[in-house]
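Thanks for coming. I will show one structure today and then walk through a few places in it.

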Amino acid sequence: MTAHEFRFPDVGEGVAEGELLNWYVNAGDGVEEDQVIAEVETDKAVVEIPAPVDGTVTELRFEEGSVIPVGAVFVVFEVADEDGKQIAVSDSTTEPEKSETNEPEPTARELATREHSAQEQKTTSKDGKRQRTLAQPTARRIAHEMGIDINDVPRVETRQGEAFVTKDAVRAFASRSEKVEGEQSSDERVPYRGVRRSIGRQMVRSAFTIPHVTTVEEVDVTELVELRASLRDAAAERGVNLTYLPFVIMAVGNALKQFPYLNATLDEEAEEIVLKKAYNIGIATEAEDGLLVPVLKDVDQKSLVQIAAGVEDVVERARTRKISREEMQGGTFTITNIGPYGSQHGTPIINYPEVAILAIAQITQKPRVVEGDIVPRHVVNLSLSIDHRVIDGAMASRFFNAVKHALESPERFLLE
């Protein structure tokens, strides 16, 4: 038999770590290749991890709730070799170097964490806050349970140039924090983890990388309301719930073709603006754990009914966390609907690396002057944020007018 060390895989582009949600096996369990052994949350997706081999689980190296760096030995299997002999051989690509100091020999977990940390070029942010800390899993678990950012715990020592903290240091820091907070001990502390942390990181990157400019337009959508009412039953016969969003997506897709700089990304390193040839619309969707952005691809090649069906599908699966990570990638423009919450205006933050985002408010009836008479009309406010490095105000206004005119005269643009 052979010991097979399975390292935590890179389950998605740019993923550096994942939070272990559930083990589905225990030490001693037999497994078959591709059998799901664990559930891990990375970035915005919950991912099932399959066994890479047939064998027996001999060691689970992380506890549920742990954050696992990509490349760390995750689980160890005992697998049969061709001769059926028991040979203690690891197929890991890298054997950890032995310590030349008098320090206790670190565990594989510590070594894995160090390897991951060594790849970080920066360990401290501009404001002096530590961004990477070495710690034993028990220390991390205690910090997690106490709602403490382990990077805030004063370091006990330095190992391989990285700050290292112990579980005692975590407890001491927690005790001091409680004293400072005084009578606020009844406050609930919620771990800043998973989807919420991913959203936060993305928002910080977007807000502090992209110079935003937001403009708001009021659109008379009375004709759109009437058209949707006339088509709704026909769409329902095809099993589709026709909302207003597919009309907006179609109008935006047509406008993006006219103004390609709003369907672009900025490659800062190459100093190039990349004009996207695909028209993939991200749809900001409220899920139980936070905001997700499933992507409806190639909207320029779809009919109104196909767009409506596609929206219904990806939004529902995003809300129930049944959508894959790949289905939330590749967006070229994002639409967020603030209408259900009663908001009339917003300053949507661009979904990096895209360069524009549109927010839709609630359709309401208001008095408007039409041909000299005051009449009730259906109106909606749209808020457009642009990356001012790529798009100037004049171009944004022309794009906005194209969307506005399409929604004001929907029958015309549906024929295009």
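I will start with a helix and a pocket. Helix α7 gives the most to the lining of the second largest pocket, with six residues. Helices here are DSSP runs of H or I with at least four residues, strands are runs of E with at least two, and both are numbered from the N terminus.

Before going further, the ground rules. This is a predicted model, in which local features need pLDDT of at least 70 and side-chain atom pairs count only at pLDDT 80 or more, while totals for chains, interfaces and linings use all residues. Residues are numbered from 1 along each chain as its sequence is written, and side-chain values use heavy atoms, with hydrogens and water left out.

Back to the pocket. On a 1 Å grid over the protein atoms alone, a pocket is an open set of points with protein on both sides within 12 Å along at least five of seven lines; a cavity is a set where a 1.4 Å probe fits but cannot get out; and lining residues have an atom within 4 Å of a point. Grid points are joined across faces, edges and corners, and a volume is the space filled by probe spheres set on the points. By that count the second largest pocket has a volume of about 1000 Å³. Its lining has 47 residues, and those nearest the centre are Ala284, Thr336, Asn337, Ile338 and Pro340. Elements that each supply at least two lining residues include α4 (194-209), α6 (245-258), β15 (281-287) and β21 (373-387). By class, the lining divides into 29 nonpolar, 13 polar and five charged residues. For the classes, Ala, Val, Leu, Ile, Met, Phe, Trp, Tyr, Cys and Pro count as nonpolar, Asp, Glu, Lys and Arg as charged, and the others, Gly among them, as polar.

How many cavities of 30 Å³ or more does a search of the whole structure find? The search finds two. The second largest cavity holds about 40 Å³ of space. Its lining is made of Ile210, Leu266, Glu268, Tyr352, Pro353, Glu354, Val355, Asp387 and Arg389. Five of these are nonpolar, none polar and four charged.

Two of those lining residues deserve a word. Asp387 is in strand β21. Is Asp387 buried or exposed? Asp387 is buried, at 1% relative accessible area; buried means under 20%, exposed over 50%, and partly exposed in between, with a 1.4 Å probe and protein chains only. The side chain of Asp387 makes a polar contact of 2.7 Å with the side chain of Arg389. A polar contact is a pair of N or O atoms within 3.5 Å; within protein, one must be able to donate a hydrogen and the other to accept it, and residues adjacent in sequence count only if both atoms are side-chain atoms. Leaving out residues up to four places away in sequence, Asp387 touches Ile210, Pro211, Ile350 and Val355, where contact means heavy atoms within 4.5 Å.

His378 is also found in strand β21. Its relative accessible area is 22%, so His378 is partly exposed. Thr222 is 156 residues away along the chain, yet the C-alpha atoms of His378 and Thr222 are separated by 4.7 Å. Beyond residues up to four places away, His378 touches several others, among them Val219, Thr222, Ile363 and Gln365.

Next, the loop between α7 and β18. Thr332 is found there and is buried, with a relative accessible area of 5%. The side chains of Thr332 and Asn263 are joined by a polar contact of 2.6 Å. Arg321 is placed in the loop between α7 and β18 as well, and has a positive phi near 60°, in a residue other than glycine.

Asp34 has a positive phi too, near 75°. Asp34 lies in the loop between β3 (30-31) and β4 (36-42) and counts as exposed, at 56% relative accessibility.

Last, the overall figures. The secondary structure comes to nine helices and 21 strands. Of the 416 residues, 43% are buried. For contacts between residues at least 6 apart in sequence, 63% join residues at least 24 apart.
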